[in-house]
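Please look over the sequence and the model below. The report that follows takes up the metal site, the fold, the core and the charged pair.

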Amino acid sequence: MPRGDGTGPLGQGPGTGKGLGRGTGRGRMGGRAAGPGGLCVCPACGEKIEHQAGIPCYEVKCPKCGTNMIRA
Ligand SMILES: [Zn+2]
C-alpha cells in the first residue's frame, strides 16, 4: 500500500466536487446581463434601472435619490 503517490488522498485535487457545483451558474453571468423584465424601480421617485445579474434590487441604490430600489 504505497502512500503519498497521489492516488489516495481524499478531498484533494480536482474532481472531488469542489468548484464543479458552481460551474452551472457561471455560464449565466458571462453573456447578457439584462433581459426582458430585468428592472429595478425606485419606490421614492420612480426611477427605473436595469437589474444587474447577481445584485438584488434592494441592494442597489437609486442613482437619483439614493433610495434602495425594489424589484419592478
Ligand atoms: Zn429614486
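What spacing do the donors of the zinc ion follow along the chain? The spacing is C-x2-C-x16-C-x2-C.

## Basis

This is a predicted model, in which local features need pLDDT of at least 70, side-chain atom pairs count only at pLDDT 80 or more, and totals for chains, interfaces and linings use all residues. Residues are numbered from 1 along each chain as its sequence is written, and side-chain values use heavy atoms, with hydrogens and water left out.

## Zinc site

Cys42, Cys45, Cys62 and Cys65 each coordinate the zinc ion through SG, at 2.3 Å. Donors here are N, O and S atoms within 2.8 Å of the metal (3.2 Å for Na, K and Ca); water is not among the atoms, so sites may look incomplete. The angles among the four donor atoms run from 102 to 125°, and the site is tetrahedral (for four donors, all angles between 85 and 135 degrees).

Cys42 is buried, at 3% relative accessibility, while Cys45 is partly exposed, at 41%. Buried means under 20% relative accessible area, exposed over 50%, and partly exposed in between, with a 1.4 Å probe and protein chains only.

## Fold and surface

The protein has one helix and three strands, in the order α-β-β-β along the sequence. Both kinds of element are DSSP runs numbered from the N terminus: helices are H or I with at least four residues, strands are E with at least two.

Of the 72 residues in the protein, 14% are buried. The protein exposes about 6,100 Å², and carbon and sulfur atoms supply 52% of that area (Shrake-Rupley method, 1.4 Å probe).

## Nonpolar core

Seven residues form the largest nonpolar core: Cys40, Cys42, Ile49, Cys57, Val60, Cys62 and Met69. Such a core is a set of buried Ala, Val, Leu, Ile, Met, Phe, Trp, Tyr and Cys residues joined through side-chain atoms within 4.5 Å.

Leaving aside residues up to four places away in sequence, Cys57 touches Leu39, Cys40, His51, Met69, Ile70 and Arg71. A contact means heavy atoms within 4.5 Å.

## Salt bridge

The structure holds one salt bridge, between the side chains of Lys64 and Glu47, at 3.2 Å from N to O. Lys64 lies in the loop between β2 (48-50) and β3 (70-71) and Glu47 in the loop between β1 (39-41) and β2, so the pair ties together parts 17 residues apart in sequence. The term covers a side-chain nitrogen of Lys or Arg within 4 Å of a carboxyl oxygen of Asp or Glu. Lys64 is exposed, with a relative accessible area of 63%.

Definitions and conventions: Four donors count as tetrahedral if all angles lie between 85 and 135 degrees; four count as square planar and six as octahedral if opposite donors are over 155 degrees apart and all others between 65 and 115; anything else is irregular.
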